[in-house]
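Here's a quick briefing to read with the model open beside you.

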Amino acid sequence: MSVGEICNQEVVVIDRKASVYEAARMMRNHHVGSLVVVDQSSTTPMKPVGIVTDRDLVVEIMAKEVPEEVLTTGDLIAPELLTARESDGIWETIMRMRAMGVRRLPVVNTGGNLSGMLTMDDLLKFLADEFSDIVRLIRREQIRERDLRPPA
């Protein structure tokens, strides 16, 4: 199974030139803790350039009492963005996320355009479903064994 099959394809994005307060309003309105920052123009598809989280807003803006007009969402993003391709394997992606210490990854198509977002929540749901299937398999095997070989 690939990352593209389990990622959330409904991603909330914000332009890198938007204010940090606009980012906070969008997070609240969409009930999300992060936004994918993109360079938007009418001629190019959405290419992710970063992520802004609710924690970024608290630690970098509110805690430092930075005036609203001083920073944009683009000022908060890391210089390099880790992404996953739609075709990447789940286990490989988990290892990359662990190595880099990130909990969310924009997912891009072959052209590098945004196609989804993979979060720890997505991965936990996927793994829980997989473990559930394994438990059902074990239970069936136990029942089958009992039916084929009744106690002597």
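Contact here means heavy atoms within 4.5 Å. With that in hand, look at contacts in the protein chain between residues at least 6 apart in sequence: 54% of them join residues at least 24 apart. Before going further, know that this is a predicted model, where local features need pLDDT of at least 70, side-chain atom pairs count only at pLDDT 80 or more, and totals for chains, interfaces and linings use all residues. Residues are numbered from 1 along each chain as its sequence is written, and side-chain values use heavy atoms, with hydrogens and water left out.

**The overall build**

- The protein chain has six helices and six strands; these are DSSP runs numbered from the N terminus, with helices being H or I of at least four residues and strands being E of at least two.
- Starting at the N terminus, the order of elements is α-β-α-β-β-α-α-β-α-β-β-α.
- Why does the protein chain count as more spread out than a compact globule? Its radius of gyration is 21 Å, well over the 15 Å that the globule rule gives for 152 residues, so the chain is more spread out than such a globule.
- That radius is taken over C-alpha atoms, and the globule rule is 2.2 Å times the number of residues to the power 0.38.
- Along the principal axes, the C-alpha atoms fill a box of roughly 80 × 35 × 30 Å.

**Surface and charge**

- Of the 152 residues, 34% count as buried; that means under 20% relative accessible area, while exposed means over 50% and partly exposed is in between (1.4 Å probe, protein chains only).
- The accessible surface of the chain is about 10,200 Å², and carbon and sulfur atoms account for 53% of it.
- These areas come from the Shrake-Rupley method with a 1.4 Å probe, and for residues only the protein chains shown count as cover.
- There are 19 positive and 24 negative side chains, with the centres of the two sets 6 Å apart.
- For that tally, Lys and Arg count as positive and Asp and Glu as negative, while His and the chain ends are not counted; each charge is placed at NZ of Lys, CZ of Arg, CG of Asp or CD of Glu.

**A three-stranded sheet**

- Three strands make an open sheet in the order β4-β5-β6, with mixed pairing. The edge strands are β4 and β6, each pairing on one side only.
- Two strands pair if DSSP finds at least two bridges between them.
- β4 and β5 run parallel and are joined by two bridges, and Ala-84 has Val-107 in β5 as its bridge partner.
- β5 and β6 run antiparallel, with five bridges between them.
- Val-107 is also bridged to Gly-116 in β6, and Val-108 has Leu-114 in β6 as its partner.
- β5 and β6 form a hairpin with five residues between them, and Gly-112 in the turn has a positive phi of about 85°.
- Is β5 (residues 104–108) largely enclosed or left open? Four of its five residues are buried, so β5 is largely enclosed by the rest of the structure.
- β6 is mostly covered too, since five of its six residues are buried.

**A buried glycine**

- Gly-50 sits in strand β3 (residues 44–53), and counts as buried because its relative accessibility is 2%.
- Leaving aside neighbours within four places in sequence, Gly-50 is in contact with Leu-35, Val-36, Val-37, Ile-77 and Leu-81.
- Gly-50 and Leu-82 are 32 residues apart in sequence, and their C-alpha atoms are 8.4 Å apart in space.

**Exposed loop residues**

- His-31 lies in the loop between α2 (20–30) and β2 (34–41). Its phi is positive, about 55°, although it is not a glycine, and at 74% relative accessibility His-31 counts as exposed.
- Glu-65 lies in the loop between α3 (54–62) and α4. Glu-65 isn't a glycine either, yet has a positive phi of about 50°, and with a relative accessible area of 70% this residue is exposed.
- Glu-80 is found in the loop between α4 (73–76) and β4 (84–85), and is exposed at 73% relative accessibility.
- How far apart are Glu-80 and Ile-14 in space? They are 17 Å apart, C-alpha to C-alpha, and 66 residues apart in sequence.
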